[in-house]
Amino acid sequence: MVQALPPPPPAIEAPAPDRAAATLTDLRVAAALTDAQVRVDSSFSGAAIVLYGAVFNPTPEPADVVVVVRGPDAPVRLVKKTRNMGVWLNSRPVLFEGAPGFYMTASTRPLNQIADFGQLRRLGLGVDHLRIAAPEESQVVNRYGVRDVVISRLGDDYVDWRRAVIRLKEAAALYDTDPQGVSFVDQGLFRAEVKLPAVAPTGQYFAEVWLFQEGEPRSVSNLTLTVEKVGVERDIYEFAHRSPWLYGLLCVVLAAVTGYAASWVFRRR
């Protein structure tokens, strides 16, 4: 006689994971970095950090992602060669106080296809709209029938000097624009790569991940990245900035001692 099998146990329904209600109704972006800290030592030759995230888009309209990474500001000193009486001389130096030491933009497509000029200028997105502090020296002139207009002492040449700053930074791989640097790896999931050159300045970096739809910014996610020196390099760096006069004196003494020791060795030979 065949014995009937016992009935199967009742199915246990697992609870659904917690989700914010806004995820289903709001258009927003969330992002993170694979590594939020970069350590710089004597063997540092650059770093590549992946920025990844997700777009929550409950609407049928497509959205674009723009990633902006900005390093600590640092002064930039420029001179221009001018010819006077057949002799090439350096012009009066121009000092830009607030130029970013590192600036990168990556997007799903060219910025001018994502938003108009006004939006990009207002948000400071792209090297063409990068905010670089002009030299503090200024003068008051009359422009277009308006009296007492305060302008930089560079006058109309300011644009050319600003372009020179950007050109030099791009040549050093410190400024970069990638119109296809953000790629979607799955529905709603995207990635971008932040490449730091060996000459990247130390300090705190700020990353903004913008979500655009129909030419308007809809959401933004803010991240921070720290680039710091470690080991002996950090101790020397901090000592040089803490006591610059003593550091310079020690360098001169070390160079003199090294030169004297080298000459003594060669004399004995």
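Colleague: Is F184 buried, partly exposed or exposed?

Modeller: Buried means under 20% relative accessible area, exposed over 50%, and partly exposed in between (1.4 Å probe, protein chains only). F184 has a relative accessible area of 40%, so F184 is partly exposed. F190, with 2%, is buried. This is a predicted model, in which local features need pLDDT of at least 70 and side-chain atom pairs count only at pLDDT 80 or more, whereas totals for chains, interfaces and linings use all residues. Residues are numbered from 1 along each chain as its sequence is written, and side-chain values use heavy atoms, without hydrogens and water.

Colleague: How is a pair of aromatic rings described, and how many aromatic pairs are there?

Modeller: Such a pair is described by the distance of the centres and the angle of the planes. Rings of Phe, Tyr and Trp (its six-membered ring) pair if their centres lie within 6.5 Å; planes under 30 degrees apart count as stacked, over 60 as edge-to-face and the rest as tilted. The count here is four aromatic pairs. Among them, Y103 and Y175 are edge-to-face, at 6.1 Å centre to centre with 65° between the planes.

Colleague: Why does the pair of Y103 and Y175 tie together parts that are apart in sequence?

Modeller: Y103 lies in strand 9 (residues 103-107) and Y175 in strand 12 (residues 175-178), so the pair joins parts 72 residues apart in sequence. Y103, at 1% relative accessibility, counts as buried, as does Y175 at 3%. The pair of F184 and F190 is also edge-to-face, because the ring centres are 6.1 Å apart and the planes stand at 70°.

Colleague: Where is D116 placed?

Modeller: D116 is in the loop between helix 2 (111-114) and helix 3 (117-123); helices (H or I, at least four residues) and strands (E, at least two) are DSSP runs, numbered from the N terminus. With 48% relative accessibility, D116 counts as partly exposed.
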